[in-house]
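The following paragraphs examine how two chains meet and then turn to the fold of one of them. Please keep the structure in view while reading.

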Amino acid sequence: MPALEIAGLVHAYGTHRVLEGVDLRLQPGEFAALIGPNGSGKTTLLRCLAGILQPQQGRIAIAGADMRSDTLAAKQRLGFAVDPTLLPALLTGRQCLELFAGARELGAIPAATLELAEALAFTRWLDHEVQAYSLGTRQKLGILLGLIGEPPLIVLDEPMNGLDPLSAFALKQHLVRLTREHGCAVLLATHALEVAERFISRCVLLLGGRLVQDWDTAALDAIRHDPDTSLEQVMVEALQRFGAPRND
Amino acid sequence: MPTTAAIATLAQMPAYFHPRLQESRRVAANRLRRLARQWPQTVFHLVAGAALLALVGVGVLHVDGDRIGLVLRLLAEQPAFIGLAFAVFGFAMCRNATLDLLQELHLGWWGAAPVPPEATRRSLHLHALLQTALGNLIVFLVLACVVALSRHPATWFLPLLAAASVGFWLGSGAGYLVVRRIGRQRRDKLVQQHVSTPLVKLAALDHARLPHLADWQRRETLRRWRSGGRNWQFLLLGLLFPTGMLPWQAIGLLLLCVALIWYGLALRSSEDVMVRATQLFAALPLPFPRFAAGTLRYPLFAWLCASLLGAAGLLLQSAKLVVVLGYAAAIGLGSLLSLCLSWRYRHRPGVARVRATAEVLLVALIAYQLPPFAPLLALGLAARHYLVARSLA
């Protein structure tokens, strides 16, 4: 059973169509990067598959649970990193984690989450209120909330923003471990290809509301082993080939 | 720090309500803990609050309860009108508050969390219910306070309370049902679509070197107006609107009041945009006179509109020309003072508000005692604030 199955997804804001029939399947254990220029619809796609936005057409299934007809089951199988700007300022990090643990029907904050918090150097912030956090510290809490309970599908939107190099490295290693040892699928939307290049097993390019290119593990390995090219260069060429507009 | 056992208990509880309720409880507990930690400050606030409450109590004892009771008795003679006014108020209050909560639950940090839809629905229901009950309790307490101050039998009390309560609950119920209907529609409909393109584009409002600031102020005004930021003033207007007026006089009074309510909102929005623009432009080499010129245009335009509308309203009420001119000059001078203070305290908007209130009251007092000196004082204060604002980096 795929960890994520998206078929014919269409979403528009008013008359502005952002997603034009997106199809995507992620198998358990896959670590996929979703790339695309600004305004290509990455965040809209992620918000649709997290059940925050409801698409006009199409189907989303998380580990077999349909997001429209069985929203609760689908959300139970999904971990979605919380946008740092949406975190409640007056709660401590521990309280946020406890609330999410409760919502996921876990007895307490899982040990794995606390271990990751330690690896991200977040432990000393656990009992401080969110309003005292820096941008990077908020980002860490948002990621921890998304990963709590290690659900079958983990979705992260630009998770490396604001993270120091040590924390970014620890996070990437943790995500790789989740995919390899726990069979979780990870979908990571990013601009910074260099941060994901060594870890991802798949990469999809979203352009004009459609997935226009899909590099599998073999294709990514071939790029990595070619000394005359790099993933970044291949992506840029693909963007130019498909006529990516500059929306930034 | 909550124990693991406490969390385990929480997790075992049936998800009857949305965890947002637990969030609110924990936020309240955090606030209480902080108050206890900062106890000297808390004690000071408690003492100051008690003193203020005592002053208010003394003031309330001097209120003529019989006079208010007479007004309320007249109002109670029109139960349909009272019911309608409270229904409108209840509808706006419940609709806006429930919609805000629904938006937060669906689009905020809980958006992707696995929360049963029934728990969300029950929480919204509870929120609307408690809010309406609280609103009704406030109405009851205010009326009961008037009864306590009144020496005459308050026969108006029960009919007025019944009319207001029935209207309030019906309006709230309707507001809640409207939000439930919106909630069943697509999620992105929750984000209110505001069309804020102006009917007539006034290019003259744009400063040549600092364009679009006026439009920013206008859009902020429009957003607040549409979100019902001044609904309570309209309710007050509805309650205090005198009956038995000639139609054109009623239209005149309505014009005047609506103009004043709108202008108050426009001025406040413009000042808030000034503060945000100051933060936005903090690192830019922007001379203060240019910033002042750029941020003055929309409030000036709003004052002109409010003056014209208000003047029309006053003329419909057969006011003399001198009253009309006095009205325009009074709101103009008050606004100028407030704007100059906003420029001066653009990094500390709270101070600007307090000083604006104090200085406008001072000018009003002078206008009452020594009328010719009031405009001079207002202009002098405004000039002083402008010069200080200009001298700041």
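In this predicted model, the contact draws on 35 residues from chain A and 30 residues from chain B. The size of an interface is often given as the accessible area lost when the parts come together. For chain B and chain A, the buried area is about 2900 Å², and carbon and sulfur atoms account for 63% of that area.

On the side of chain B that touches chain A, at least two residues each come from α1 (4–12), α2 (20–37) and α5 (79–107) of chain B. Of the contributing elements, α2(B) provides the largest share, 8 residues. By residue class, this side of chain B comprises 15 nonpolar, 8 charged and 7 polar residues.

Attention now passes to chain A as a whole. Its secondary structure consists of 9 helices and 10 strands. The C-alpha atoms of chain A occupy a box of roughly 50 × 45 × 35 Å along the principal axes. Chain A has a radius of gyration of 18 Å, which agrees with the value near 18 Å for a compact globule of 248 residues. Of the 248 residues of chain A, 55% count as buried. Among contacts in chain A between residues at least 6 apart in sequence, 69% link residues at least 24 apart.

Terms used
Residues numbered from 1 in each chain as written. Chains lettered and ligands numbered in written order. Predicted model: local features only at pLDDT ≥ 70, side-chain atom pairs only at ≥ 80, totals over all residues. Heavy atoms only, no water. Contact = heavy atoms within 4.5 Å. Buried area = accessible area lost by both parts, 1.4 Å probe. Helix = DSSP H or I, 4+ residues; strand = E, 2+ residues; numbered from the N terminus. Nonpolar A, V, L, I, M, F, W, Y, C, P; charged D, E, K, R; others polar. Rg over C-alpha atoms; globule rule 2.2 N^0.38 Å. Buried < 20%, exposed > 50% of the residue type's maximum accessible area, 1.4 Å probe, protein only.
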